[in-house]
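Open the model in a viewer and keep the sequence panel beside it. The stops below say what to select and what is there.

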Amino acid sequence: MMLKAHSLQDLQPLRQHLAQAAARAEAEAQARREAAARVERERNLFVLSVGDVTPLPTHNLAALEAPVPAPEPIQFVLDEQRVLMEAMSDEFDVSTLLDTDDQLSFRRPGIGTDVTHKLRGGQWSIQRQLDLHGLRVDEAREALGQFIRLSHRTGLRCVRVVHGKGLGSPGKTPVLKGRVQSWLVQKKEVLAFVQARPAEGGAGALVVLLQPGKRWVPGG
């Protein structure tokens with residue numbers, strides 16, 4: 001808007017216009033200052049809220065230890081690996097170690113005949129059983145080895161091993177009977193074994209007495 005003054009009276013509208021323009025300029029400047037101040041306050045909101053912050057000295061920091069991993073039964077694992085490498089031989093001659101009474105039995109040196117008599121008489125409660133029916137020779141050997149080790153480690157004393165009477169084998173001869181006797185004699189955990197009573201499997205099973213073992217619980 002262009003204003004021209006030709007007299008003193010003409011200056012009054014000019015003064016008013018200039019005053020209004022100055023007021024608008026001042027208002028715009030004030031608005032810009034307030035907006036800038038608001039942005040600055042928002043940027044420094046945390047500092048304005050909590051005030052000055054003094055960093056903690058580094059020497060007061062707590063020294064946290066790394067969490068201790070759960071204990072693992074390392075020795076047990078090593079023992080299992082070692083035992084798995086100790087194969088029970090099929091060539092072991094067990095005949096000279098068996099008691100040739102009315103029924104074949106086995107007892108380690110230092111174990112009296114009263115032990116085998118008690119086994120035969122059922123005075124030891126059978127705590128667990130392994131049935132080898134249907135297994136190949138190598139499968140039966142591995143299953144028996146693991147069964148004896150686990151039974152001993154869990155504190156069992158008397159177990160039964162069913163090897164069968166061989167009625168379903170060629171020639172009707174027991175394939176596993178002699179092998180099971182041989183394998184058991186080679187296991188240091190075995191103190192003695194006898195043929196099971198008729199009600200417990202008779203000639204198709206053995207009742208085995210194990211050495212006392214410290215009871216082991218997985219993860220313990």
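Which residues are buried in helix 5? Select Ala140, Leu144, Gly145, Phe147, Ile148, Arg149, Ser151 and His152, which are the buried ones in helix 5. Buried means under 20% relative accessible area, exposed means over 50%, and partly exposed lies in between, with a 1.4 Å probe and protein chains only.

Before moving on, note that this is a predicted model, in which local features need pLDDT of at least 70 and side-chain atom pairs count only at pLDDT 80 or more, while totals for chains, interfaces and linings use all residues. Residues are numbered from 1 along each chain as its sequence is written, and side-chain values use heavy atoms, with hydrogens and water left out.

**Whole chain**

Followed from the N terminus, the order is α-α-α-β-β-α-β-α-β-α-β-β. The chain has 220 residues, and 28% of them count as buried. Among contacts (heavy atoms within 4.5 Å) with a separation of 6 or more, 65% are between residues 24 or more positions apart.

**Helix 5**

Return to helix 5, residues 137–153. The 17 residues of helix 5 should span 24 Å at 1.5 Å a residue, and the end C-alpha atoms are 24 Å apart, which agrees. The expected span is 1.5 Å times one less than the number of residues. Just after helix 5, select Gly155, which has a positive phi of about 85°.

**The largest nonpolar core**

Next select Leu144, Ile148, Val180, Leu184, Val190, Phe193 and Val208. Of the 20 residues in the largest nonpolar core, these touch the most other members. Such a core is a set of buried Ala, Val, Leu, Ile, Met, Phe, Trp, Tyr and Cys residues joined through side-chain atoms within 4.5 Å. Helix 5, strand 4 (158–162), helix 6 (177–186), strand 5 (190–195) and strand 6 (205–210) each supply at least two residues of this core. Apart from this core lies another, of 12 residues, including Val115, Ala192, Val194 and Ala205. In soluble globular proteins, nonpolar side chains tend to be buried together.

Now centre on Leu144. Leaving out residues up to four places away in sequence, Leu144 touches Leu130, Val161, Val180, Trp183 and Leu184.

**Helix 4**

Select residues 113–120, which form helix 4; Val115, Thr116, Leu119 and Arg120 are buried there. They cover an arc of only 135° around the axis, and so lie on the same side of helix 4. The arc is that of the directions from the helix axis to the C-beta atoms. The cover over the buried residues of helix 4 includes strand 2 (104–107), strand 4, strand 5 and strand 6. After helix 4 comes Gly122, with a positive phi near 75°.

**Salt bridges**

Finish with the charged side chains. A salt bridge is a side-chain nitrogen of Lys or Arg within 4 Å of a carboxyl oxygen of Asp or Glu, and the count comes to 5. Select Arg197 and Glu200, whose closest N and O atoms are 2.8 Å apart in a salt bridge. Glu200 is buried at 18% relative accessible area, whereas Arg197 is partly exposed at 35%.

Arg136 meets Asp138 at 3.6 Å, N to O, and Glu139 at 3.2 Å between the closest N and O atoms. Arg136 counts as exposed, at 53% relative accessibility.

Conventions: Helices (H or I, at least four residues) and strands (E, at least two) are DSSP runs, numbered from the N terminus.
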